[in-house]
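Biologist: I am new to this structure. Could you take me through its side-chain packing?

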Amino acid sequence: MLKFVENELQNIKNQINEMWTLVYQQLDCAYRSVLDADQKLANKVVAREKRVNAFELKIDSDIEDFIALYNPVAVDLRFALAMLKINSNLERIGDYADSIARFVIRNQIRPENKVLFNELQLQDMFDMVLDMLNTTYDGLQKRDLQLTKSVFEKDETLDILNQNAINALSVHATEHMEDIRLCLEIAGIFRKLERAGDHINNLAEETIFYIDAEVLKHSKTLKQDKTE
């Protein structure tokens, strides 16, 4: 019985690792499709979205079957519950990669647009999100609480980059009325990256719950309420 449980746990872990890698690749490809104005690469991201969705459903089903069949307790139950939520958050990040790729497909990115991307620090925003996703993955693999918690500070930097970009886009749209639609679309990219950061925070919280049985969900909200 113990060997079967260990095998099932390893299978779930392997699938989560594969899902994580797939979503990271989706986001990285979406990133390069924007900066290189590569519609062919963007189309690949959109085509692979179905694979992400199907894989999420399979992992969910396997975890639910594991819980029902083996009735795990303690750390094994925490692992299963954490992986269930991690899987869901990874799928949402994949959705954002798909949406960003569709921006590239819809729009003909011109050389002057790339200048605007530089002014908005879009590359820095993408780099930060990918770094957060990679850091959280490493934290899970190494069962390293400090490494995992370092993501929360990076998310604050992400929020600042997002707000600065939105402010700059507002100014640009005011001065260049012909670019209003483009500015709205670009603002959508930043919002999606900011939301991806929120989901990576969720990944970190679930990793910490699995490793240390510490529940961090809503803790930031509670702290803010106490200070207001």
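This is a predicted model: local features need pLDDT of at least 70, side-chain atom pairs count only at pLDDT 80 or more; totals for chains, interfaces and linings use all residues.

Biologist: How many aromatic pairs does the structure hold?

Modeller: There are 4, counting rings of Phe, Tyr and Trp (its six-membered ring) with centres within 6.5 Å; planes under 30 degrees apart are stacked, over 60 edge-to-face, and the rest tilted. One of them joins W20 and Y137 edge-to-face, at 5.5 Å centre to centre and 65 degrees between the planes.

Biologist: Which helices do W20 and Y137 lie in?

Modeller: W20 lies in α1 (residues 2–35) and Y137 in α5 (residues 122–142), so the pair ties together parts 117 residues apart in sequence. Helices here are DSSP runs of H or I with at least four residues, numbered from the N terminus.

Biologist: Is W20 buried or exposed?

Modeller: W20 is buried, at 2% relative accessible area; buried means under 20%, exposed over 50% and partly exposed in between (1.4 Å probe, protein chains only).

Biologist: Now the core: which residues have the most contacts inside the largest one?

Modeller: They are M83, F103 and I186, in a core of 71 residues. Such a core is a set of buried Ala, Val, Leu, Ile, Met, Phe, Trp, Tyr and Cys residues joined through side-chain atoms within 4.5 Å.

Biologist: Which element gives the largest share?

Modeller: That is α7, with 15 residues.

Conventions:
Residues are numbered from 1 along each chain as its sequence is written. Side-chain values use heavy atoms; hydrogens and water are left out. Helices (H or I, at least four residues) and strands (E, at least two) are DSSP runs, numbered from the N terminus.
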